[in-house]
Amino acid sequence: MPWLRIFSGIVAIALAMGMILLGGWYFTIGFCVIVYLGQLELFQLVKAKGMVPATKSTMFVSQLLLITATISPTLADAVFPIAGTFICFYLLFQPKIATIADIGASILGLLYGGYLPGYWVRLRVGLTDLTETSSLARDATVAATNLPSSGYWSNFSINLSQLPAGLTSTLLAFSCIWAADIGAYTFGKFFGRTRLSMISPKKTVEGAIFGFVSSIAVGIAGAWYLNWPCWQLSGIMLGVVIGVTSLLGDLTESLMKRDAGVKDSGQLIPGHGGILDRTDSYVFTAPLVYYFVTLLLPLLPSSL
């Protein structure tokens, strides 16, 4: 099982890296598949509690959110409340009268499974346009897209800081998440003694702290290499934000599984469980990273 876990993890990371590097509609389509599979698992957990959410409607409008985020990132904010209204309208005219729990579960599926993950699409696909007029603008030696369907492929002969801003920001954010997850898991397994929460008994305070430190270390290194404004401070801030929110996402998914009475959200990934088990750290992280890069980072001084 450990070797199967390692192999499936390598495959998952390779697919994720391919999506990130290509960007454009390649990234969006890949994310649409992940969101679809993740919502299937989420609604299975919900139905295990006896709720009857608007599964198909929620999954449909969630895909529209991701497509909208690719075409016009800011328009996705307008589509979200419209999508929520559509879901409630749908539930009102079902043969079986919907309950508060049914409505709540449907909106949770839209928010947790569609809207929040959509910020990764905004970051990877839409960040170039957002930063062109900000203090982050730079004379890149490559175009943001050089493949059909707004995709991008690097020849890897250039400095990482000269790659499209959406690509480098997404790579750094994902690297911080990976560092936090791997650091917390490894250190907690060998040195963890203090239980972090009853929600997830295997998580330890020692592991969580090392996960935070790992995320911060990667954040600082990435901010320095990418020449971010005030790289010491921006790297620490990014690492802290990702370290906290990735743990929050992990515990939130653990809470839902615990309430539904299951160990894993699914069995799609050998040795790892379901899609939600592998992507829970990315849900709450997405919007905070996006607004950190697009709103806070341009306000920081160039140096301490």
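## Helix α4 and I82

I82 lies in helix α4, which spans residues 75-92, where helices (H or I, at least four residues) and strands (E, at least two) are DSSP runs numbered from the N terminus. The model is a predicted one, in which local features need pLDDT of at least 70 and side-chain atom pairs count only at pLDDT 80 or more, while totals for chains, interfaces and linings use all residues. Residues are numbered from 1 along each chain as its sequence is written, and side-chain values use heavy atoms, with hydrogens and water left out.

With a relative accessible area of 58%, I82 is exposed; buried means under 20% relative accessible area, exposed over 50%, and partly exposed in between, with a 1.4 Å probe and protein chains only. I82 and V61 stand 21 residues apart in sequence, and their C-alpha to C-alpha separation in space is 9.3 Å.

## Overall architecture

The protein chain has eleven helices and two strands, and from the N terminus on its elements follow the order α-α-α-α-α-α-α-β-β-α-α-α-α. Of the 304 residues in the protein chain, 47% are buried. Among contacts (heavy atoms within 4.5 Å) between residues at least 6 apart in sequence, 72% join residues at least 24 apart.

## Surface and nonpolar patch

The protein chain exposes about 15,100 Å², of which carbon and sulfur atoms supply 71%; accessible areas come from the Shrake-Rupley method with a 1.4 Å probe, and for residues only the protein chains shown count as cover.

A nonpolar patch on the surface is formed by F60, L64, I67 and I71, which together have about 380 Å² of accessible area. Patches are made of residues with over 30% relative accessible area and no salt bridge, with like charges joined within 9 Å and nonpolar side chains (Val, Leu, Ile, Met, Phe, Trp, Tyr) within 5 Å; a salt bridge is a side-chain nitrogen of Lys or Arg within 4 Å of a carboxyl oxygen of Asp or Glu. I71 is found in helix α3, residues 55-71, and counts as exposed because its relative accessibility is 61%.

## The strand pair

Strand β1 (residues 195-197) and strand β2 (residues 200-204) pair in the antiparallel sense over two bridges, given that two strands pair if DSSP finds at least two bridges between them. A hairpin joins β1 to β2 through two residues, and S197 stands opposite S200 in β2.

## Cysteines

With a disulfide taken as a pair of cysteine sulfur atoms within 2.5 Å, the count comes to zero disulfides. C176 is buried, at a relative accessible area of 0%, and C230 is also buried, at 1%.
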